[in-house]
Amino acid sequence: MNTTSATLAPVFTFLEHALTTAQTTFDKLPGSAVIQRYVKSSHQNDPGRTLLELILVIFAIRTLLQSRTRADRNGKHFIQFSEKEVDELVDEWIPEPLGHALTATEESDLASVPVIAGPNGPKPKLVSTGKNAINLSSYNFTGLSGNEHIKQRAIDTLRKYGLGSCGPPGFYGTLDVHMDLENDIADFLGTEAAILYSQGFSTISSVIPAFCKRGDIIVADRAVNFAIQKGIQISRSTIRWFDHNDLNSLEEVLVSIEKERKKRRAPMTRRFIVTEGIFQKDGAMVDLPKLIELKYKYKYRLILDESYSFGSVGRTGRGLTELYNVPASKVDMLLGSCAIGLASAGGFCAGSRTVVDHQRINGPSFVFSASMPALLAVSASEGINILRNTPSIFETLQDNVRAARAILDRVECITIPSHPASPIIHIYVRQQQQQQYLQYPAPISASSSHTSTSSSAKHHHSHHAKDAVRESEYELEERMLQEVVEETLAHGVLVTRAKKLRGQEIVEPRPSIRLALTSALSKKETEKAVNVLKTVLVKVLNKRR
């Protein structure tokens, strides 16, 4: 034993000297004390982590020392081609198409899109006929499109500022007219501040990921528009859905989330409710006072997209907060569209100064997109002034909405899911009892285990059969509604089918005709146009049933 110890003594002495030298050298390196404290703290809190980090360091060193490529230097696993063979392979290669070829229905839809000659408005001229048509399809609720005063102010601004802003807001793209518009919006809505985005679609899809991160909870309506869906997807937050415009379902979801948190003893995290004021897909309207009550009761922040209610409802067009007499300060993030509500471009988010300033450095669309042209900012500001000073616009708009609903509600072959005050009116084909499953078809979930292979096969076949029937009925409704659109256009009234991205929506909306009423038309003109639509609906739908 003594002989062995005497033999290993020089080895131990050498190792001790090497470790001492290594430690002395390491201590001389800048920042070594910080690394030392980190390793000690990490090992004390989680010894397993120390082992994992050591393995990673060894792997990194090995990767750096080995050859950059894994190529076989002998080339025995490679096929050598001559230059002629390479050229032949290149000539024979056919790249895959970027997209599938359009179907006959899609080509027909594209060919049937009407083209407008000159400016758009309540009575645009069609290229195909050279005649004017009554426009019930464009979002021109307050008739600001084509307003002569706004047009002249835009021309004056164009001459002073030029066309483009030539930069994003944080890099020489912010002009005084942009700041004026933000102040106008905040003052109009009654919030501390507002931030302007240059594209309407990217407003909500930028605001959501600016605040909602991985680990946060978003509770959203199943029927939110596609822009909201993309924002939710980008955020990577935990998503819980509630039934469309059903606040009882929302409360059930909020309660279940709190129960799950207490059961897992999880810490509190940021939580958001996301919904629309007037829903793009069906024109339904949310009960804002009840929504605010739930927000405070369960301690959530509210992101309310008023893209289709700002500039369309309320005494002066301030949206749902004015309609329901709810202070805008109770909505944490209130979004709207300058493109839809003010016949300009872009969108905005209004709220507290903290909420707005956070977006100036964290909103992807605000940081990376060029500011909107100055003439469009001035046009939006002028639009706000007109809405503020001319409340009779909304009286006319609501008169037209009531006149249209009075006619359409008596048509037996259709149903209307839209709110009675909504200037967006969706028209569904009335379904027979056995076809009710067509509304909002949900994706087929994985089937549960079955007691036998035959029952599983039957279940699978049943799903395929329902899928085929659903698709067939969906296409039939689309064709009928397109026939209504074309027939109505032939009578001088411009309407449209609601457009959607099939296969990309979380919930597939039903086919519908979408009307967008405007105060730029008189009540008599609105009734005349809607009566034309009514006649065509009865003719086409009763013929095809």
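**Close-up views of a predicted model**

View 1. At 6% relative accessibility, Arg271 counts as buried, a word used for residues with under 20% relative accessible area, while exposed stands for over 50% and partly exposed for values in between (1.4 Å probe, protein chains only). This is a predicted model, in which local features need pLDDT of at least 70 and side-chain atom pairs count only at pLDDT 80 or more, whereas totals for chains, interfaces and linings use all residues. Residues are numbered from 1 along each chain as its sequence is written, and side-chain values use heavy atoms, with hydrogens and water left out. Arg271 belongs to strand 7 (residues 271-276), where helices (H or I, at least four residues) and strands (E, at least two) are DSSP runs, numbered from the N terminus. Not counting residues up to four places away in sequence, Arg271 touches Ile217, Glu258, Tyr298, Lys299, Tyr300 and Arg301, a contact being heavy atoms within 4.5 Å. Although Arg271 and Arg301 are 30 residues apart in sequence, their C-alpha atoms are 6.3 Å apart in space.

**View 2. Leu408 in the largest nonpolar core.** A nonpolar core is a set of buried Ala, Val, Leu, Ile, Met, Phe, Trp, Tyr and Cys residues joined through side-chain atoms within 4.5 Å. The largest one has 91 residues, and of these Leu136 and Leu408 touch the most other members. Helix 20 (residues 523-544) gives this core its largest share, eight residues. Leaving aside neighbours within four places in sequence, Leu408 is in contact with Ile414, Ile416, Ile425, Ile427, Leu515, Val530, Leu533 and Leu537.

View 3. Leu8, Val11, Phe12, Phe14 and Leu15 make a nonpolar surface patch of about 500 Å². Patches are made of residues with over 30% relative accessible area and no salt bridge, with like charges joined within 9 Å and nonpolar side chains (Val, Leu, Ile, Met, Phe, Trp, Tyr) within 5 Å; a salt bridge is a side-chain nitrogen of Lys or Arg within 4 Å of a carboxyl oxygen of Asp or Glu. Accessible areas come from the Shrake-Rupley method with a 1.4 Å probe, and for residues only the protein chains shown count as cover. Phe14, which lies in helix 1 (residues 2-28), is exposed, with a relative accessible area of 56%.
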